[in-house]
Amino acid sequence: MNNKKMLFATVSAVAALGLLPATASAETKLKWAHVYESSEPYHTCAVAANDLLMEATEGRYGIEVFPASSLGKEVDINEGLGFGTVDIIYTGQLFAGRSYGSIAIGGAPFMFRDWDHWDKFRNSDLFGELSQGYTDATGHHITAMTYYGARHVTSNKPIMTPADMDGLKIRVPNAPLYMMFPEATGANPAPIAFAEVYLALQQGTVDAQENPLPTIQAKKFYEVQTNINLTGHITDALLTIVGGPAWDAMEAADQAALAEVTKETAVCATDAIIKAEGELAEWFRGEGVQVNEVDRAPFIDAVKAMHNGEMATWDQATYDRLQAIK
């Protein structure tokens, strides 16, 4: 059985049994931290990667995964890469952009025409160059990119036009570029840590939030919001980043093995998210949630005017190269 098939088989066993894979001990356990739930494919696929890495490194390295902000919020785990308190993280491109602005371009609203445009970007020379720029700036290594999903606005009223966003207090992740979409549409962005969003919605601290359908399900936001509005304003992704201290302590062969395992993990989670996105609109309707089909064109027009404005952390040449990808 090849590694990719083994990964899917292991993930299936984890999901079916609710158990961790066999716990043979590695000489060094790498700490993989993220802010997502243990039920989500980002987590189950990462857990399965332990066995793959142990096999590929003949037991020298394994992985222990820490979900649900257990090792800190997203800002914390990004900082932890440098301190060695975490070794591997999933993080949004806009959080990585705090350290190297250009890498954030892939997480900006309406930056991609469609999923195929995004898919070509992640396999492009441009993304490779941006990843190297991030390494040069931080000493950390981007080894994979996982599809996170198209981000949609949830609310307690229908959001059909940008005018419906006017004055809406909407939670966004705590990275500046997440404010581009709300500001372009007249909403009021409120940065709140991921672990605190459900309570903020429940208590009315904010009126709305935005995330992909699988995340809305996993975090149960639909319990405290009556409408899901299919704005699809960000084709989002998670970067898998290995911290410099952990990477530099590894031999070249083990670095290559870790990079390959994280790529296979990204395929595992990406495939699961694509499948879920195709099914969840109807699932939410079955739960009594109003799912609204939205004309995205007016939203796109509002945001594109800001793509190379004051909030941009990339230069015009980088933007033009991304838009030229066919």
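One disulfide, taken as a pair of cysteine sulfur atoms within 2.5 Å, is present in the predicted model. The bond links Cys45 and Cys268, with an S to S distance of 2.0 Å. The angle about the S-S bond is -65°, and the link of Cys45 and Cys268 is left-handed. Because Cys45 belongs to helix H2 (residues 41-56) and Cys268 to helix H11, the pair ties together parts 223 residues apart in sequence. Helices are DSSP runs of H or I with at least four residues, numbered from the N terminus. Both Cys45 and Cys268 are buried, that is, under 20% relative accessible area with a 1.4 Å probe, protein chains only.

The largest nonpolar core contains 100 residues; such a core is a set of buried Ala, Val, Leu, Ile, Met, Phe, Trp, Tyr and Cys residues joined through side-chain atoms within 4.5 Å. Helix H11 (residues 252-286) supplies the largest share of this core, eleven residues. Phe121, Met165, Phe284 and Trp314 have the most contacts inside the core. Beyond its neighbours within four places in sequence, Met165 is in contact (heavy atoms within 4.5 Å) with residues including Val153, Ile159, Phe181 and Phe299.

Helix H6 (residues 125-138) packs against helix H13 (residues 316-324) at an angle of about 145°, with axes 10 Å apart. Axes are lines fitted to C-alpha atoms over the stretch in contact, and angles run from 0 to 180 degrees between N-to-C directions. From H6, Asp125, Leu126, Glu129 and Leu130 meet Thr318, Arg321 and Leu322 of H13.

Residues are numbered from 1 along each chain as its sequence is written, and side-chain values use heavy atoms, without hydrogens and water. As the model is predicted, local features need pLDDT of at least 70 and side-chain atom pairs count only at pLDDT 80 or more, while totals for chains, interfaces and linings use all residues.

Methods
Helix = DSSP H or I, 4+ residues; strand = E, 2+ residues; numbered from the N terminus. Buried < 20%, exposed > 50% of the residue type's maximum accessible area, 1.4 Å probe, protein only.
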